[in-house]
Amino acid sequence: MPIGTVASASKLEEILGADAAALLQHQCKTIPKESLHLPGPDYVERIHSVSDRPARVLTSLQAMLDHGRLGGTGYVSILPVDQGIEHSAGASFAPNPAYFDPENIVKLAIEGGCNAVASTLGVLGSVARKYAHKIPFMLKLNHNEFLSYPNSFDQIRFASVKQAFDMGAMSVGATIYFGSEESKRQLQEVTEWFQQAHELGMCTVLWCYLRNPAFKTKEIDYHVSADLTGQANHLGVTIGADIIKQKLPENNGGYLALSTKESPYGKLDKRVYDQLASDNPIDWTRYQVANCYMGRAGLINSGGAS
């Protein structure tokens with residue numbers, strides 16, 4: 001084994017701490033690896049050559065997969081910066097005011113070797129003619145604005161699919177807050193946007209998040225449970241998302257916790273918990289992948305809490 005590999009493994013064990021053995025030595029006995037459609041250099045041809053995606057969508061998806069330091073691996077690293085809307089510009093950029101200037105956001109994605117940069121209509125549009133041909137653009141179509149009082153949580157449209165196409169974007173992104181009162185409207189809106197994007201040759205990425213106060217108890221936050229996030233993923237790929245963006249699972253059993261005899265919630269099968277997943281986070285993540293049509297739609301993780 002090369003010295004560099006030993007050093008890297010040692011560093012990884014140091015970072016993982018007490019969880020190192022459980023994660024690095026884990027052998028999955030739930031969903032077989034052979035059942036999954038895994039990332040690779042031939043991912044677009046292998047997966048989408050039999051799909052209904054127009055040829056130009058495959059061109060856009062391949063261009064994004066081939067770009068940056070992970071280019072050609074089938075894996076992606078995307079820089080998403082919509083915090084100026086989602087968390088307010090002042091709170092987001094005060095620590096580093098340079099990022100009030102959109103060009104620095106795009107430069108960061110390029111210097112970091114990202115596959116794409118995802119941001120708002122204003123950010124990407126302000127520098128599109130200078131950078132759209134240098135790094136794949138992903139225009140985020142909807143946002144939760146953080147100025148209405150009192151604060152509320154609803155993803156509303158800020159941009160159109162045509163605006164993404166006109167600026168040279170290769171993909172569009174959108175968020176649905178599954179579990180919220182607004183999710184049914186969001187689901188219908190995003191379905192239409194994704195169809196339009198495919199017709200114009202752009203690939204589609206769905207921020208597939210849960211949001212409902214009932215999902216969080218005093219003991220556990222089921223917004224990151226494997227079963228509930230897995231179902232959100234399944235709804236996301238149903239409406240034509242080429243890639244799902246999801247939070248890493250931190251627990252399981254959301255359906256079990258929320259459903260009672262007096263107030264039944266959803267549908268469940270206990271095999272989800274004892275055959276399709278264990279209590280290991282790796283298996284929880286594999287269950288999320290299974291809900292992305294066994295990997296026919298890509299799964300990427302959000303960057304985590306700030």
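Thr-59 has its place in helix H4 (residues 55–66); helices (H or I, at least four residues) and strands (E, at least two) are DSSP runs, numbered from the N terminus. This is a predicted model, in which local features need pLDDT of at least 70, side-chain atom pairs count only at pLDDT 80 or more, and totals for chains, interfaces and linings use all residues. Residues are numbered from 1 along each chain as its sequence is written, and side-chain values use heavy atoms, with hydrogens and water left out.

**The sheet**

- Seven strands form an open sheet with parallel pairing, in the order S1-S2-S3-S6-S7-S8-S9; two strands pair if DSSP finds at least two bridges between them.
- Strand S1 (78–81) and S9 are the edge strands, and each pairs on one side only.
- Direction ignored, neighbouring strands of this sheet are turned by 25° against each other on average. Axes are lines fitted to C-alpha atoms, for helices over the stretch in contact, and angles run from 0 to 180 degrees between N-to-C directions.
- Helix H4 packs on the sheet and touches S1, strand S2 (116–119), strand S3 (137–140), strand S6 (171–178), S7 and S8. The direction of H4 makes about 70° with that of S7. Contact means heavy atoms within 4.5 Å.
- H11 also packs on the sheet, touching S6, S7, S8 and S9, and its direction makes about 150° with that of S7.

**Strand S8 and its neighbours**

- From strand S8 (residues 243–246), Ile-243 and Lys-245 point one way and Ile-244 and Gln-246 the other way; all are buried. Buried means under 20% relative accessible area, exposed over 50%, and partly exposed in between (1.4 Å probe, protein chains only).
- Strand S7 (residues 203–210) runs parallel to S8 and is joined to it by three bridges. Trp-207 stands opposite Lys-245 in S8.
- Four bridges join S8 to the parallel strand S9 (residues 298–301). Ile-244 stands opposite Leu-299 in S9, and Gln-246 has Asn-301 as its bridge partner there.
- A right-handed β-α-β unit is made by S7, helix H11 (residues 226–238) and S8. A crossover is right-handed if, with the strands pointing away from the viewer, the path from the first strand over the helix to the second runs clockwise.

**Helices H11 and H14**

- H11 and helix H14 (residues 281–290) pack at an angle of about 20°, with their axes 8 Å apart.
- The contact is made by Ala-226, Asp-227, Thr-229, Gly-230 and Asn-233 of H11, and by Trp-284, Tyr-287 and Gln-288 of H14.
- H14 is mostly covered, as seven of its 10 residues are buried. Among them are Asp-283, Trp-284 and Arg-286.
- The buried residues of H14 pack against H11, S8, helix H13 (271–274) and S9.

**Individual residues**

- Thr-59 is exposed, with a relative accessible area of 52%. The C-alpha atoms of Thr-59 and Phe-178 are separated by 30 Å.
- Most residues other than glycine have a negative phi, and most peptide bonds are trans.
- Ser-88, in helix H5 (residues 83–93), has a positive phi of about 80° although it is not a glycine.
- Tyr-293, in the loop between H14 and S9, has a positive phi near 55°. Tyr-293 counts as partly exposed at 38% relative accessibility.
- The peptide bond from Tyr-149 to Pro-150 is cis, with omega near -5°. Pro-150 has its place in the loop between strand S4 (142–143) and strand S5 (156–157).
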